[in-house]
Amino acid sequence: MVVPVIDFSKLDGAERAETMAQIADGCENWGFFQLVNHGIPLELLDRVKKVCSESYRLREAAFRSSKPVQTLERLVEAERRGEAVAPVDDMDWEDIFYLHDNNQWPSDPPAFKETMREYRSELKKLAERVMEAMDENLGLDKGRMKAAFTGDGLHAPFFGTKVSHYPPCPRPDLITGLRAHTDAGGVILLFQDDKVGGLEVLKDGQWLDVQPLADAIVLNTGDQVEVLSNGRYRSAWHRVLPMRNGNRRSIASFYNPAFEAAISPAVGEAGAAEYPDYVFGDYMDVYNKQKFEAKEPRFEAVKAPKAA
């Protein structure tokens, strides 16, 4: 099995129906798919790769002295002494920093801020186009998902970007790149390394590679899309394996509800809701403590108690 690859440019042409069906399949049966011909200029993607790789070079020395590196070194040393060691299960072999509208961005390399602002703007528009396709496939009014994420326009959606690098790991058997989890939010758009793999998605009980594909945007659905679709779309478990060779670049952007947004299943009058109603900020409070655990208890934890 191969993660679906969808030519997004065909959404506006004669093959629209087929493309919509492919998006539906990706959302319903995978929770992951790759978009090609998505409308983001390739020249911009090249600049994004360049500035993010340059930013890691400025951070590389700090990663070498980070807790994951020190922990792995201690394990290897203990192993050399003949001691039994167990793989690390509470940290990741990952260098990360976050970008959103209200935090401080790196000023070096000089082109970083301008490039990433432009990229995030393009990506946000792409996310909203995909959400409109999801609306249509679910039989919802156009803009229903965005309206849910913004409290009917009262709040801005939270749009964050996580810039990650997974440096070469000398002992991938002793630590993970990124532990298995589902994503808390809405629509996640990933510009992943086109040479170094490692990203896997859980499909029918089997871990499958999300194959590197030049200039593609990998899209996956988060927990809030699962709730809004009343379980028709599922957030998929995924992880990153560390690699002995190659420094994997990963730029994931999250189109999430505003923290004040009220989230509930979008079901008709005759439908039965399979998920609770809650405020997204409350869900994030739970998620931040239980990210790497099963998602079902998170939904249960934010369920409002029934009136007596």
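Let's start with residues 157-257, whose end C-alpha atoms lie 5 Å apart. This span is 6% helix and 45% strand, where helices (H or I, at least four residues) and strands (E, at least two) are DSSP runs numbered from the N terminus. UniProt, in an unreviewed entry, places the feature "domain: Fe2OG dioxygenase" here; such annotations may be inferred rather than shown by experiment.

A word on what you're looking at: this is a predicted model, with local features needing pLDDT of at least 70 and side-chain atom pairs counting only at pLDDT 80 or more, while totals for chains, interfaces and linings use all residues. Residues are numbered from 1 along each chain as its sequence is written, and side-chain values use heavy atoms, with hydrogens and water left out.

Now for the largest pocket, which holds about 640 Å³ of space. A pocket here is an open set of points on a 1 Å grid where a 1.4 Å probe fits, with protein on both sides within 12 Å along at least five of seven lines; lining residues have an atom within 4 Å of a point. The volume is the space filled by probe spheres set on the points. Of the 38 lining residues, Tyr-98, Lys-162, Asp-183, Phe-254 and Lys-291 are the closest to the centre. Strand 4 (158-166) is among the elements that supply at least two lining residues, as are strand 11 (248-256) and helix 7 (280-290). Strand 4 gives the most, with six. By class, you'll find 20 nonpolar, eleven polar and seven charged residues in the lining; Asp, Glu, Lys and Arg count as charged, Ala, Val, Leu, Ile, Met, Phe, Trp, Tyr, Cys and Pro as nonpolar, and the others, Gly among them, as polar.

Next, find Glu-94, in the loop between helix 3 (67-80) and strand 3. Glu-94 counts as buried because its relative accessibility is 12%, and buried means under 20% relative accessible area (1.4 Å probe, protein chains only). Its side chain makes a polar contact of 3.0 Å with the side chain of Lys-162 and another, of 2.8 Å, with that of Tyr-166. Within protein, a polar contact is a pair of N or O atoms within 3.5 Å, one able to donate a hydrogen and the other to accept it; residues adjacent in sequence count only if both atoms are side-chain atoms.

A cis peptide bond joins Asp-108 and Pro-109, with omega about 5 degrees. Asn-230 isn't a glycine, yet has a positive phi of about 60 degrees.

Terms used
Buried means under 20% relative accessible area, exposed over 50%, partly exposed in between (1.4 Å probe, protein chains only).
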